[in-house]
Amino acid sequence: MTRPLDLLVFGAHPDDAEIGMGGTIAKQVEAGHRVGICDLTFAEMSSNGTVEIRKKEAEEAAKVLGLSVRANLGLPDRGLQLVKEQLDEITLAIRRYRPRVVFCPYWEDRHPDHVKCSHMVQEAVFSAKLRNYLPETKPHQVEQLYFYFINDAYEADVMVDITAQFSKKKAALMAYRSQFESVDPSRGQVATPLNQGYLDNVEARDRLLGQKRLVPYAEGFVSKLPLIVNLF
C-alpha cells in the first residue's frame with residue numbers, strides 16, 4: 001500500500017499548484033511532510049510546449065520542491081467535466097494517496113479549467129469517504145480541504161509566510177520554461193498571458209498578501225469550513 005501523504009494538491013494543469021502554493025509546498029516538505037501534486041491533465045491544449053516537454057518540466061519542478069508524489073490523471077485538457085468517469089479518477093487518487101489535507105484551485109478564476117477542477121475535487125473529496133461508493137476500494141476521510149489562488153487573489157482565511165521559500169517557489173516555476181520564458185518566434189512560440197510578465201504578477205501578489213501580516217511573501221488559502229482553534 002502506498003504510504004499516505006500529508007498534503008495532496010490538485011491542479012488542472014502542470015504549474016497550477018506551483019503558481020498558487022509552491023512556497024507552501026516547499027515549506028511543508030522542509031518540515032518533513034510528505035507532499036504530492038496530482039495534475040488532472042497534461043495541458044495538451046497549451047499554446048506553447050508539447051506534452052513531452054510539459055512532462056519533463058513537471059518532473060523538474062517536482063525535484064525542486066522535493067515532492068513525494070507527482071501524478072497525472074490524463075484527463076482531457078479543456079474537456080474537464082463533472083461526469084462520473086472523471087470524478088472517479090480523482091476519488092481513486094484520494095483513496096490511493098490517503099492525504100490528511102487536500103488543496104485545489106479556488107472556485108473563481110478566469111480559466112474555466114481551474115473552476116472545473118475546483119468543483120471536481122470538492123465532489124471527489126466527498127465521495128472518497130463513502131464506503132458504498134466504489135466499494136472495491138477503501139474509503140478515506142480528508143481532514144481539511146483548502147483552496148488556493150492561481151490567476152486572481154481573493155480574501156484569504158489562512159496565510160502562510162513563504163519568505164524563506166520564495167526562491168524555491170520561483171525556481172520551481174522557472175522549470176516551466178515553455179510557459180514563462182520570453183517569446184521566441186523562431187521556435188514557433190506565441191505570446192500568451194503566461195509569457196508577458198506573468199511571474200512578476202505572481203511575485204507581486206505574494207508580496208501584497210504578505211503585506212497584510214507584515215511579512216515579505218505569503219500565500220493565501222480559503223476554507224469553506226470554520227477553522228477550529230482550541231486556544232488563542
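This is a predicted model: local features need pLDDT of at least 70, side-chain atom pairs count only at pLDDT 80 or more; totals for chains, interfaces and linings use all residues.

Colleague: OK. What covers the buried residues of helix 5?

Modeller: The cover includes helix 1, helix 2 (51-65), helix 6 (177-180), helix 7 (198-211) and strand 7 (218-222).

Colleague: And which residues of helix 5 are buried?

Modeller: Helix 5 spans residues 166-174, and its buried residues are F166, K169, A172 and L173. Seen down the helix axis, they fall within an arc of 120°, so they line one face of helix 5.

Colleague: Why would residues three or four places apart point the same way?

Modeller: An α-helix has 3.6 residues a turn, so residues at that spacing point the same way.

Colleague: Switching to helix 4. How many of its residues are buried?

Modeller: 12 of its 17, so helix 4 is mostly covered. Among the buried ones are D113, H114, C117, M120 and Q122.

Colleague: What do they pack against?

Modeller: Strand 1 (7-11), helix 1 (16-30), helix 3 (84-97), strand 4 (101-105) and strand 5 (144-148).

Colleague: How far does helix 4 reach from its first C-alpha to its last?

Modeller: It reaches 24 Å, close to the 24 Å expected at 1.5 Å a residue.

Colleague: Now the loops. Where does R78 lie?

Modeller: In the loop between strand 3 (69-72) and helix 3. R78 is not a glycine, yet its phi is positive, near 60°.

Colleague: And L214: buried or exposed?

Modeller: Exposed, with a relative accessible area of 77%. L214 sits in the loop between helix 7 and strand 7. Its phi is also positive, about 60°, although L214 is not a glycine.

Definitions and conventions. Residues are numbered from 1 along each chain as its sequence is written. Side-chain values use heavy atoms; hydrogens and water are left out. Helices (H or I, at least four residues) and strands (E, at least two) are DSSP runs, numbered from the N terminus. The expected span of a helix is 1.5 Å times one less than its number of residues. Buried means under 20% relative accessible area, exposed over 50%, partly exposed in between (1.4 Å probe, protein chains only). Contact means heavy atoms within 4.5 Å. The arc is that of the directions from the helix axis to the C-beta atoms.
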